[in-house]
Amino acid sequence: MTDTRIISEVMPVQQPLLRPAKLWLPKRVVFTPDALDEPFGQQIYERVSALNLPIEVSKNNRITGLRGADERETYRIAKNTLAVVNAPPSAFRLQPIPPSADWQMNLAEGCPAHCQYCYLAGSLAGPPVIRAYANLPKMLANTASYEQPGRQTTFEVSCYTDVIGIEHLTGSLAECIRYFGTRDEAQLRFVTKYNQVESLLDLPHNGQTRARVSLNAESVARRLEGGTASVEARLQAIRQLALPKELGGGGYPVGLVIAPIMPIPNWREEYTRLLDRLAEALDFECDMNAEFISHRFTPGSKDVLMQWYPNTTLEMEEATRAEKRNKFGGRKYVYRPDDMQTLKKFFYEEWRKRFPSAPILYWT
Ligand code: SF4
């Protein structure tokens, strides 16, 4: 262990907090004319109207008025705006997304939550407005050409948004679940930090959707994951999703994404507590697996995050990290190999102790 931050200190473990996520109600909803021409765009329009949210229709297919005087104000304006647009032609050329899934298909881009390590920082260009796609049914039909006969091809829809964070406004996730429920060789994967899963429980998913929640240590979630459901509320949500239908649940295959894992001062105690609570919440037979993702950042994401959250307590010290380069020369900072090994060993051992028949898909 080379990094003193990883040494466990005796600190009180915070008691779990059962707090649902606050439903996101944007201050501004803008539809483009193209989006309103789509039947699914009309459905979103009706949903948003029923919530009495202020609606505009833009003159052309561009969304303007998102810039404030500085980055903080731009952030505030954009995070309070839902734009309903058509996905561009490039969105129909799917990108591979290993190790999480075969392909990514984005039903929206931008997220209403406020995680101070947000994965979107530096990935999406421009103000962090939430764009939902009105031509989603066409995007779904397009996925059929990516299916590979004879195996389950997986499609990830949560790379650039929190799909449940916007579901009450769009119904997009339900649309995806129903579509994949009709496919024999394609599986949908989504992940969320929200807990509002009731509307998903009765959908005809036919076992073709893996519902996942993202979890973290209690103190990380409280300190860094603004606008999301508490960890305890997420645990209740995954229990509901996994419970068999005859017991009132959704009967979904489920997944647990522990991310981003951080060697906070009392990390062993905190993550032990998390895994213990998970074992209590999922105390019945179900189809589940796990993904473990350690924290990382790039120079670009750090720069954007420091503008969005100038007072953050998130540790992003290059000097304590290992630098990795991708094939295009881009840099990212991950934990040093020894630290990474210590964390990985802990999670693999503790997971297998509690969930011997639930595979670990990967550590990264
Ligand atoms: Fe970013 Fe995901 Fe948090 Fe949304 S839930 S703010 S996409 S890290």
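**Sheets, helices and a ligand**

So, start with the open sheet of five strands: the order is β2-β1-β3-β8-β6, and the pairing is mixed. At the edges sit β2 (55-57) and β6 (108-109), each pairing on one side only. Before I go on, this is a predicted model, where local features need pLDDT of at least 70, side-chain atom pairs count only at pLDDT 80 or more, and totals for chains, interfaces and linings use all residues. Residues are numbered from 1 along each chain as its sequence is written, and side-chain values use heavy atoms, with hydrogens and water left out.

Quick word on terms: helices (H or I, at least four residues) and strands (E, at least two) are DSSP runs, numbered from the N terminus. Two strands pair if DSSP finds at least two bridges between them.

Look at β13 (residues 254-261) and β14 (residues 288-294): they run parallel, joined by six bridges, and Ile258 stands opposite Phe292 in β14.

What packs on this sheet? Contact, by the way, means heavy atoms within 4.5 Å.

α6 also has a helix partner, α4 (residues 136-143): the two pack at an angle of about 30°, axes 11 Å apart. α4 and α6 are therefore roughly parallel to each other (under 35 degrees is roughly parallel, over 145 roughly antiparallel, 65 to 115 roughly perpendicular, the rest oblique). On the α4 side, the contact uses Leu136, Pro137, Leu140, Ala141 and Thr143, and on the α6 side Ser172, Glu175, Cys176, Tyr179 and Phe180. Those split into seven nonpolar, two polar and one charged. For the classes, Ala, Val, Leu, Ile, Met, Phe, Trp, Tyr, Cys and Pro count as nonpolar, Asp, Glu, Lys and Arg as charged, and the others, Gly among them, as polar.

Next, helix α9 (residues 267-281). Its axis and that of α11 (residues 337-354) come within 11 Å and cross at roughly 25°, which makes α9 roughly parallel to α11. The α9 residues in contact include Trp267, Tyr271 and Leu275, and those of α11 include Phe346, Phe347 and Trp351. By class that contact has nine nonpolar, two polar and four charged residues.

α9 meets α8 (residues 231-242) as well, with axes that come within 9 Å and cross at roughly 30°. Here Val231, Glu232, Leu235, Gln236 and Arg239 in α8 meet Leu274, Arg277, Leu278, Glu280 and Ala281 in α9. The tally is five nonpolar, one polar and four charged.

Last stop, the ligand. Which residues surround the ligand? Cys111, Ala113, His114, Cys115, Tyr117, Cys118, Tyr119, Leu120, Asp162 and Lys193 do, counting a residue as near if one of its heavy atoms lies within 4 Å. That shell divides into seven nonpolar, one polar and two charged.

Conventions:
Axes fitted to C-alpha atoms, helices over the stretch in contact; angles between N-to-C directions.
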